[in-house]
Amino acid sequence: MKLPLTPMKIITPLCIAAIAAASSFATPAQAGDPDFGPNVLVFDPSMNNIQQQIDGVSRYGQFDGRRCALLFKPGNYKVDAKVGFYDQVLGLGQTPDAVVLDGLHSTDHGNVTQTFWRAAENLSSPTVFWAVSQGTSIRRIHARGNLSIYAGGWASGGFDADCKVDGNLEAGGQQQWFSRNSELGGWAGGAWNIVFVGVPNTGKLRYDGKTKTYGPIQWPVDTGVDQAPLIAEKPYLFVDNSGNYNVMVPAV
């Protein structure tokens with residue numbers, strides 16, 4: 001289905017102003033791209049200073065009013081995308097492997113119990129560090145190695161779907177996590193409540209298959225549902241070989 005090119009309603013115009021304050025190279029999109037509005041940046045591998053623009057967006061905090069989406073056309077990018085509050089990073093390929101970033105990061109190390117409100121989807125990277133707590137998701141991500149969902153400290157919840165992790169999904173001290181319809185090479189760690197739905201080899205992935213006791217409360221370390229209910233994955237944008245924007249609507 002082709003994407004209608006009607007203008008989108010923009011809630012706030014602060015995204016580009018935020019980047020411009022840190023960089024003079026900010027551009028919302030290239031000529032010929034749809035007008036997604038000033039809160040959307042579109043990158044392709046030929047552009048310069050992409051890292052500087054990403055850093056200008058990610059440095060803003062939880063109580064800032066801006067909202068940003070960073071879109072990457074197919075290709076390889078020598079950038080480390082740190083995804084900040086109210087930011088979304090999306091690849092525009094037909095498959096996750098069509099967009100390759102050097103790194104994808106949610107935050108710094110340490111206590112991440114306030115690392116909320118961010119998302120990433122439809123791209124691949126050899127280094128994926130997604131230490132978060134609630135209000136977050138990763139979809140259609142190919143982690144070409146391990147995927148860490150904690151930061152060496154406290155972490156408290158998140159969600160992945162339709163992802164592939166070549167190595168381990170490293171939970172560490174992550175208190176709760178929901179993984180659906182993903183392919184994981186292995187699972188390491190986890191604290192209170194880890195849920196697998198439609199994840200192959202769930203029994204082999206479980207932390208220890210037992211129950212831990214915290215005071216008078218017993219917390220199941222993991223819950224496994226072998227097959228997910230009938231479901232369709234989230235639609236996503238992609239750019240075809242002619243440079244046209246399309247919406248892919250996955251089958252049920």
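Throughout this tour, a contact means that heavy atoms lie within 4.5 Å of each other. The model is predicted, with local features requiring pLDDT of at least 70 and side-chain atom pairs counted only at pLDDT 80 or more, whereas totals for chains, interfaces and linings use all residues. Residues are numbered from 1 along each chain as its sequence is written, and side-chain values use heavy atoms, with hydrogens and water left out.

**The whole chain**

Begin with a cartoon view, in which the protein shows 3 helices and 19 strands; helices (H or I, at least four residues) and strands (E, at least two) are DSSP runs, numbered from the N terminus. Of the 252 residues, 50% are buried, where buried means under 20% relative accessible area, exposed over 50% and partly exposed in between, with a 1.4 Å probe and protein chains only. Among contacts between residues at least 6 apart in sequence, 43% join residues at least 24 apart.

**Leu101 and the cores**

Next select Leu101, which, leaving aside its neighbours within four places in sequence, is in contact with Phe72, Tyr77, Val79, Ala81, Val89, Leu123, Ser124, Ser125 and Pro126. Leu101 is one of the residues with the most contacts inside the largest nonpolar core, which has 37 residues, and Phe43, Phe72, Leu147 and Trp187 are the others named with it. A nonpolar core here is a set of buried Ala, Val, Leu, Ile, Met, Phe, Trp, Tyr and Cys residues joined through side-chain atoms within 4.5 Å.

**Rings**

Now show the aromatic side chains, where rings of Phe, Tyr and Trp (its six-membered ring) pair if their centres lie within 6.5 Å, planes under 30 degrees apart counting as stacked, over 60 as edge-to-face and the rest as tilted. By this rule there are 7 aromatic pairs. The rings of Phe43 and Phe72 have centres 5.2 Å apart and planes at 40 degrees, so this pair is tilted. It links distant parts of the chain, with Phe43 in strand β1 (residues 40-43) and Phe72 in strand β2, 29 residues apart. Both Phe43 and Phe72 are buried, and ring pairs link these two and Tyr77 into a cluster.

Staying in strand β1, select Leu41, which is buried with a relative accessible area of 0%; its C-alpha atom is separated by 8.5 Å from that of Phe72.

**Strand β14 and its partners**

Move on to strand β14 (residues 193-197), where 4 of the 5 residues are buried. Strand β12 (residues 176-180) pairs with β14 in the parallel sense over 5 bridges, and two strands are taken to pair if DSSP finds at least two bridges between them. Arg180 has Val197 in β14 as its bridge partner. Strand β17 (residues 222-225) also pairs with β14 in the parallel sense, over 4 bridges, and there Thr223 is the bridge partner of Val195.

**A buried lysine**

Finally, select Lys73, in the loop between β2 (68-72) and β3 (75-82). Which side chain is joined to that of Lys73 by a polar contact? It is that of Asp33, at 3.0 Å, a polar contact being a pair of N or O atoms within 3.5 Å; within protein, one must be able to donate a hydrogen and the other to accept it, and residues adjacent in sequence count only if both atoms are side-chain atoms. Lys73 counts as buried because its relative accessibility is 17%.
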